[in-house]
Amino acid sequence: MTDPDNSPSADTRPSPARPAVTIRPLHQQSPHRTPKVSMAAWAGSVVVLLAIAAIMVVNLTEIRSALEASIARDNPDYSATDISDAVTVVLICSGAAAVLLLLFTLLTVQLLSARKSSARIVGAVVGVLGIAAGLGFRSLVSGADDVSAVLGWGPFLYCALVAVAAITGPRR
């Protein structure tokens, strides 16, 4: 049963004034910005990698014959089949390494743009692998420098861009 004196409409009082509430963080947050130099260097390394790959695809027969001639000149006792197989292995491994480096670079850029803490470690690992692959590729195709000048300076430019990208990555 309800008491008529406690009815909700009988006693309407104004609600009290609410105090102003401010919420402040306990510590200052540092602004997380995507490193622009690092992102530009990663993008440049992708462009150089794709340019080298395009040169390789367009001039594949000339590069293949130049590499075969270089190996035959350095090793006259090797058979033509062995030389052809070696060049095939070099070209396939170079293409596979380029695809993997491209994928790892895209992963690094994605981690950088998402401001993940693992971007620094992944960027350093991709940087070391990219530099090693660039220098290895340069030494493997050194016999085909006369086909395209890009095969001479392209790997060095790629290595320099990857080094800049890895070094200028995010800091704590």
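**Figure 1. Left-handed crossing of H3 and H4.** In this predicted model, helices H3 and H4 cross with left-handed geometry. Their axes come within 10 Å and cross at roughly 155°. This angle lies over the 145 degrees required, and H3 is therefore roughly antiparallel to H4. On the H3 side, the contacting residues are Val90, Ser94, Leu101, Phe104, Thr105, Leu107, Thr108, Leu111 and Leu112. Their partners in H4 are Ala119, Val122, Gly123, Val126, Leu129, Gly130, Ala133, Phe137 and Leu140.

Figure 2. When neighbours within four places in sequence are set aside, Thr108 is in contact with Trp42, Ala119, Val122, Gly123 and Val126.

**Figure 3. Arg115 in the loop between H3 and H4.** The loop that links H3 and H4 contains Arg115. Arg115 is exposed, its relative accessible area being 55%. Although it is not a glycine, Arg115 adopts a positive phi of about 60°. Most residues other than glycine have a negative phi.

**Figure 4. Packing of H1 against H4.** The axes of H1 and H4 are 13 Å apart, and the two helices pack at an angle of about 30°. An angle under 35 degrees counts as roughly parallel, and H1 and H4 are therefore described in this way. The crossing of H1 and H4 is left-handed.

**Figure 5. The largest nonpolar core and Leu151.** The largest nonpolar core comprises 24 residues, and those with the most contacts inside it are Ile52, Met56, Leu67 and Leu151. Two or more core residues come from each of helix H1 (36-58), helix H2 (60-74), helix H3 (80-113), helix H4 (119-140) and helix H5 (150-167). The greatest contribution to this core is that of H1, which supplies six residues. With neighbours within four places in sequence left aside, Leu151 is in contact with Ile52, Ile55, Met56, Ile63, Phe137, Arg138, Val141, Ala144 and Asp145.

**Figure 6. Ser142 in the loop between H4 and H5.** Ser142 is located in the loop between H4 and H5. Its relative accessibility is 38%, so Ser142 counts as partly exposed. Ser142 and Gly152 are ten residues apart in sequence, and their C-alpha atoms lie 7.1 Å apart in space.

**Figure 7. Context of the close-up views within the protein chain.** The secondary structure of the protein chain consists of five helices and zero strands, arranged along the sequence in the pattern α-α-α-α-α. Of the 172 residues in the protein chain, 27% are buried. Among contacts between residues at least 6 apart in sequence, 74% join residues at least 24 apart. The protein chain exposes about 11700 Å², of which 64% is supplied by carbon and sulfur atoms.

Conventions: Residues are numbered from 1 along each chain as its sequence is written. This is a predicted model: local features need pLDDT of at least 70, side-chain atom pairs count only at pLDDT 80 or more; totals for chains, interfaces and linings use all residues. Side-chain values use heavy atoms; hydrogens and water are left out. A nonpolar core is a set of buried Ala, Val, Leu, Ile, Met, Phe, Trp, Tyr and Cys residues joined through side-chain atoms within 4.5 Å. Buried means under 20% relative accessible area, exposed over 50%, partly exposed in between (1.4 Å probe, protein chains only). Helices (H or I, at least four residues) and strands (E, at least two) are DSSP runs, numbered from the N terminus. Contact means heavy atoms within 4.5 Å. Accessible areas come from the Shrake-Rupley method with a 1.4 Å probe; for residues, only the protein chains shown count as cover. Axes are lines fitted to C-alpha atoms, for helices over the stretch in contact, and angles run from 0 to 180 degrees between N-to-C directions. Angles under 35 degrees count as roughly parallel, over 145 as roughly antiparallel, 65 to 115 as roughly perpendicular and the rest as oblique. A crossing is left-handed if the near helix is turned anticlockwise from the far one by less than a right angle, and right-handed if clockwise.
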